[in-house]
2 protein chains.
Amino acid sequence: VEPALAELKERLTEIVDLARVGGVLAWDMEVYMPQTGGDARGTQLATLTSIVHRKLTDDRIGELLDDLEPWASTLPPDTDDACLIRATRREFEKNRKIPTKLEAEFTKARADAFGIWVKAREDSDFAAFRPALERILDLRLQMVECFAPYEDAYDVLIDDFDEGLRSEDVSRVFETLQPELTALVEEHAGERDDFLRGPFDVSAQDALSREIITAFGVDWSSFRLDLTVHPFAVPFGLGDIRLTTRYDEDDVNSLFTAMHEAGHGLYEFGSSPALDRTPLVGCRSSSLHESQSRLWENLVGRSLPFWRWFYPRVQETFPDRLGGVPLEAFHAAINRPVRSFIRVDADETCYGLHVILRYELERRLVSGDLAVADLPDAWNTRFEELLGLEVPEDRLGVLQDSHWASGYFGYFPTYLLGSVLSVQIWERAAEAIPDLSEQIERGEFAELHGWLRENLYALGSKFTPAETIERVAGGPIEPGPYLAYLRGKHGALSAA
Amino acid sequence: VEPALAELKERLTEIVDLARVGGVLAWDMEVYMPQTGGDARGTQLATLTSIVHRKLTDDRIGELLDDLEPWASTLPPDTDDACLIRATRREFEKNRKIPTKLEAEFTKARADAFGIWVKAREDSDFAAFRPALERILDLRLQMVECFAPYEDAYDVLIDDFDEGLRSEDVSRVFETLQPELTALVEEHAGERDDFLRGPFDVSAQDALSREIITAFGVDWSSFRLDLTVHPFAVPFGLGDIRLTTRYDEDDVNSLFTAMHEAGHGLYEFGSSPALDRTPLVGCRSSSLHESQSRLWENLVGRSLPFWRWFYPRVQETFPDRLGGVPLEAFHAAINRPVRSFIRVDADETCYGLHVILRYELERRLVSGDLAVADLPDAWNTRFEELLGLEVPEDRLGVLQDSHWASGYFGYFPTYLLGSVLSVQIWERAAEAIPDLSEQIERGEFAELHGWLRENLYALGSKFTPAETIERVAGGPIEPGPYLAYLRGKHGALSAA
């Protein structure tokens, strides 16, 4: 067993290192790469992907797994080694189904499409993006075919982001949520308050963003925060976590973006060091990941206790805009549903409807029911039904997100599932920390961070998403707590 | 032939892509990586290096070369394919001598040592750096042993930076230069002019730096300029060239740093596109590379015609400091030898003595004649002999350069060889462009850039350094023109 385990781990370490190298390339591509760098970057990423894929699907990995599985089955199932063998087997079998060539072609097409999307979004020109998107979708569907027979093509896509999750589970949750969210928006939606319109100096927003996430637990000897078009977080190693954000003088949404990305970053930063350089390091479930970005952004960052602590800092930073605005009015303003076009700037309640729109359209694209050419019309029609606004240009509509350009079909639902999960996890944390609100009101986040680290972040990807959710939330994904939380918040705000 | 050539090229493309990926990792490590990121980065670089080394030394490459060499020998020797086969054979044979494990160990040690050096330099604490340097040197000498029997261990080291160059050639050039440089410094050295002491606003320096190198031919759709401790240039691809620099409010040396790194960048940017993603892309001779950084920095950037064009811009940017200083006084000041501690901030004439010091010490370290522990004393003693100053702390002495931390023993001489070569190449360019001075005086650099691109940059690494030097300079490295240039400049400045 010993030599086989050592060999397997050595092989996996190499694969994990190379995957993280891919993260460096992708980060630089979005953050710093000059305009004409995309071509070389795409081929480099494709080369790297091919190597990772070939190494991951090497016959020898299968032999080693065959040798090790009888031994692993005698271990307590929670041990790192037992988890490693199980996870590697699943990953191996899954990747063996996809030809390396197709994987590399997809990687190159993604890198190309990303550059095209950036430009098309700037120009609000869907026609310029359409061929790239058609190609990405076509390659993605070719990859889905490698898993035939399947029950639902969309299940194959979700599996990349949340292993084992099925579209019928997603639909069940979303079908409960959609009418309830629509009702909440109808009942509580209003105009954006004037005092939220800025101007808010961008460098002051940057300083406040850093101040908040430092309090959350971001340690700048291991983190960076850079600027990008579409904010994201990516780990280069346990001691090197990259967050990105963007600033807009016209609003303070950047504070929530920073909290959101910090949530992702803290999750990755909190993996047990014993899992470092193994496939179990970090969280690979997008729903769980989003549960943490949403927890820090919304459960903490849009709560009254949080602003009791931090609002004075924001007021003294922007005295002209907010000096005369009472805490309660600010808190109501950042929680009020306001119908608007951009998902990442949406309030917490409308946000779910933005996600549901994308989920519905993705399912139709994948089933062949909707052609890419017809996507902008379909978007605009359904957007008006769900959010009551007419989309004036594609930049504010179908071109706003990078996900499809990146080939991430099946990712969007995890945003809303993450929101749902965030409340389930929050309730457990609040049980364990009876004075959680008081701590937040004092700007103290260490106990919350510690609880999340111990009960969730440290686990990395030792277990399947469903197993992890069971452990941390005490049951499967369930929309009840999330709806109760939203209803409670809006009820309290209306009563105030 | 066709399938063998296609297979060889495919294998080499993968290797070149991975090597460039290593460039991205190294750039980020020096430019943006947070403090605790070094550990993961070191292992990632080591993993990448191992893979590159294994691929480069794969038996199959040897077989393909065996198959292709008879055919290649029938090609005109200047064709890309003939050059590719020759260069690949040399690279293959060389790399086969070094075990992959040793190569990876060295890469990891370099990454570790770099972080230790950054800190030790800040603290001026050589003792903290010493064990890392000992380890680097030891590994480097182990690598040298793979090439036994050799005439001189130092030759093996130089070969990594200038294939085929030998230490006896270097010594011959340096032994001519050292007494002449010493004499020039003694005759012309003076104090630094007060008006060069600043303060010069750092963001204004940045704007001027960009303005100058844009005029040289830097195209911002393909280049970036970032900040780092030790400036460098690295290509990520033909369309993605990264320059780094640093600013100091106390002087305007940053303008020369930007020109220097732009020279490196333009060289890489100018490779023939036909060489892209082959081992022949870009220049792999450090002396030739330095000839271009020095050409743009010194032959162009310290010349009177250049400042006739650009001095008014600098004066209007810094009217308090330079508004009342005549052009001639500024030009004399930026060319005057001033004895000082830091190589990268040295004037053109003292610079050579800084390099000769390092060359002498390196040779002694490599031959075992000098222990790492005794390096600071040896540095300080010889520095005083050559430059007449007593080194007050190691930060200003032995700890100032990153090269040894990076394992780059054998690199330093190429700086001075580059200066020597820069004048030989300049003379050829000036023959071809009779009104070169007048063009520079008008801020026009396109014809010079075009000549260099056509006669040097486009060649990439098709030929050995000696062959390339022969082509572009019309003969081997020869110190005469460089000395004549320095003497002429100082003579004119004294006469003025």
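In the predicted model, 35 residues of chain B are in contact with 35 residues of chain A. Together the chains bury about 2800 Å². Carbon and sulfur atoms give 58% of that area. Three residues stand out on the side of chain B: B:Y32, B:P34 and B:Q44. They supply 19% of the area that chain B buries against chain A, more than any other three residues.

The arrangement of the two copies was examined by superposition. Chain B can be laid on chain A with an RMSD of 0.0 Å. The same surface serves both copies, as 100% of the contact residues of chain B recur in chain A.

Polar and charged interactions also cross the interface. Between chain B and chain A there are 22 residue pairs in polar contact, counting pairs with both residues at pLDDT 80 or more. Salt bridges between these two chains number six. In one of them, the side chains of B:R242 and A:D28 meet at 2.7 Å, N to O. Several elements of chain B give two or more residues to the side that touches chain A. These are the helices α1 (2–31) and α2 (38–56), and the strands β1 (223–227), β2 (233–237) and β3 (240–245). By residue class, this side of chain B divides into 14 nonpolar, 10 polar and 11 charged residues.

Over all chains, the whole structure holds 104 salt bridges. A:D123 and A:K119 meet through their side chains in a salt bridge of 2.6 Å, N to O. Both residues lie in helix α5 (residues 100–123) of chain A. They are four residues apart, about one turn of the helix. A:D123 has a relative accessible area of 41%, so this residue is partly exposed. A:K119, at 48% relative accessibility, therefore also counts as partly exposed.

Another pair joins two loops. A:R192 forms a salt bridge with A:D251, and the closest N and O atoms are 4.0 Å apart. This pair links distant parts of the chain, 59 residues apart. A:R192 sits in the loop between α8 (167–188) and α9 (202–216) of chain A. A:D251 sits in the loop between β3 (240–245) and α10 (253–269) of chain A.

A:D369 counts as exposed, because its relative accessibility is 52% and the class begins over 50%. A:R364 has a relative accessible area of 33% and is thus partly exposed.

Salt bridges in chain A also form a network. A:E7, A:R11, A:D58, A:R60 and A:E63 are joined into one network by salt bridges that share partners.

Conventions:
Residues are numbered from 1 along each chain as its sequence is written. Chains are lettered from A and ligands numbered from 1 in the order in which they are written. This is a predicted model: local features need pLDDT of at least 70, side-chain atom pairs count only at pLDDT 80 or more; totals for chains, interfaces and linings use all residues. Side-chain values use heavy atoms; hydrogens and water are left out. Copies are superposed by least squares on the C-alpha atoms of residues with pLDDT of at least 70 in both. Contact means heavy atoms within 4.5 Å. Buried area is the accessible area (1.4 Å probe) that two parts lose on being put together, summed over both. A polar contact is a pair of N or O atoms within 3.5 Å; within protein, one must be able to donate a hydrogen and the other to accept it, and residues adjacent in sequence count only if both atoms are side-chain atoms. Ala, Val, Leu, Ile, Met, Phe, Trp, Tyr, Cys and Pro count as nonpolar, Asp, Glu, Lys and Arg as charged, and the others, Gly among them, as polar. Buried means under 20% relative accessible area, exposed over 50%, partly exposed in between (1.4 Å probe, protein chains only).
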